[in-house]
Amino acid sequence: MSDEEEDYMSDAFLNKLQDVKPGVSMPRRVKEAMKKEEQHKEKNVKNRQKTYKEQEKESREAALQSTISNENKGFALLQKMGYKSGQGLGKQGAGRVDPIPLNIKTDRGGIGLEEVKKRKAEEELEHYRQKVRARQQNETKSLEAFRSRVRTEREERKIEGDLRRSQRSCEQLDSQKGIAVPREDWYWIQTKDEDEEDELEDQDEQEDIVELTPFDKLQILTSYLRGVHFYCIWCGTTYNDEDDLDSHCPGDTAADHD
């Protein structure tokens, strides 16, 4: 190390440095600068010339805060008619005491624009409520229609199941009595080949013949089983005679046996 260069760890080098305390001197200078800036802004505000609108607003606020003096001509006329300061208007003194407040209009809209906006907003709100009610009603109708459709499909499946049970019972009971051919083809459960033959025969028949529904077939077949074999598919019992059937069977429908 040369003689011209000083050791930064030596006492001579450290004594030349100023006594700066970290975190104290810098914030103090910043605070002083901010304070001077605020004072400069306040001075500019005081020295700035106020605009016409600001002057008008200040004079208006000052006038509204002060009471009407006796020098006012209108107030003088009221006093001649018996009015006293602080008393309400009218013969009984029950009228307005304070002056009518001012409502300064600052926008460029017409006088009735706010009423139009308010009425339009109310109409839009009512229209939205009607849409919500209509949507709720449609959802309710859709739900009821869905429930009705599910209930109908379930009832149709039950009817078809009861019809198949009746056909098997009819075939078995007819066979026990030696009946080889059913009274109607659909009284017994038909095989696939028989179904195809029936379809060919149906094509040759007249088109105005009404096809029986599963419900109609079930009613007819139930009447046949009860009248010929004294049998009820819901009871699952073959009774001795008609009197025995009428006495012990609840009825001739599935609802009677619930």
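Good morning. Helices here are DSSP runs of H or I with at least four residues, strands are runs of E with at least two, and both are numbered from the N terminus.

A word on the source. This is a predicted model, in which local features need pLDDT of at least 70, side-chain atom pairs count only at pLDDT 80 or more, and totals for chains, interfaces and linings use all residues. Residues are numbered from 1 along each chain as its sequence is written, and side-chain values use heavy atoms, with hydrogens and water left out.

Is Gln-167 buried or exposed? Its relative accessible area is 10%, so Gln-167 is buried; the term means under 20%, with exposed over 50% and partly exposed in between, for a 1.4 Å probe and protein chains only. Which residues does Gln-167 contact, leaving aside its neighbours within four places in sequence? They are Trp-186, Tyr-187, Trp-188, Ile-189 and Leu-221, where contact means heavy atoms within 4.5 Å.

Let me turn to the helix itself. H5 covers residues 113–176, 64 residues in total. From its first C-alpha to its last it reaches 94 Å, close to the 94 Å expected at 1.5 Å a residue; the expected span is 1.5 Å times one less than the number of residues. Among the buried residues of H5 are Val-132, Gly-161, Leu-163, Cys-170 and Asp-174. The buried residues of H5 pack against helix H7 (214–228), strand E1 (231–232) and strand E2 (237–238). Just after H5, Gly-178 takes a positive phi of about 80°.

Now the chain as a whole. The protein chain holds 8 helices and 2 strands, running α-α-α-α-α-α-α-β-β-α from the N terminus on. Of its 258 residues, 14% count as buried. Among contacts with a separation of 6 or more, 39% join residues 24 or more positions apart.

Finally, the second largest pocket. Its lining consists of 21 residues, of which Thr-67, Ile-68, Val-97, Asp-98 and Pro-99 lie nearest its centre. A pocket is an open set of points on a 1 Å grid over the protein atoms alone, with protein on both sides within 12 Å along at least five of seven lines, and lining residues have an atom within 4 Å of a point. Helix H3 (52–65) and helix H4 (73–80) are the elements that give two or more residues to this lining. Thank you.

Definitions and conventions: 1 Å grid on protein atoms, 1.4 Å probe; cavity = no way out; pocket = protein on both sides within 12 Å on 5 of 7 lines; lining within 4 Å.
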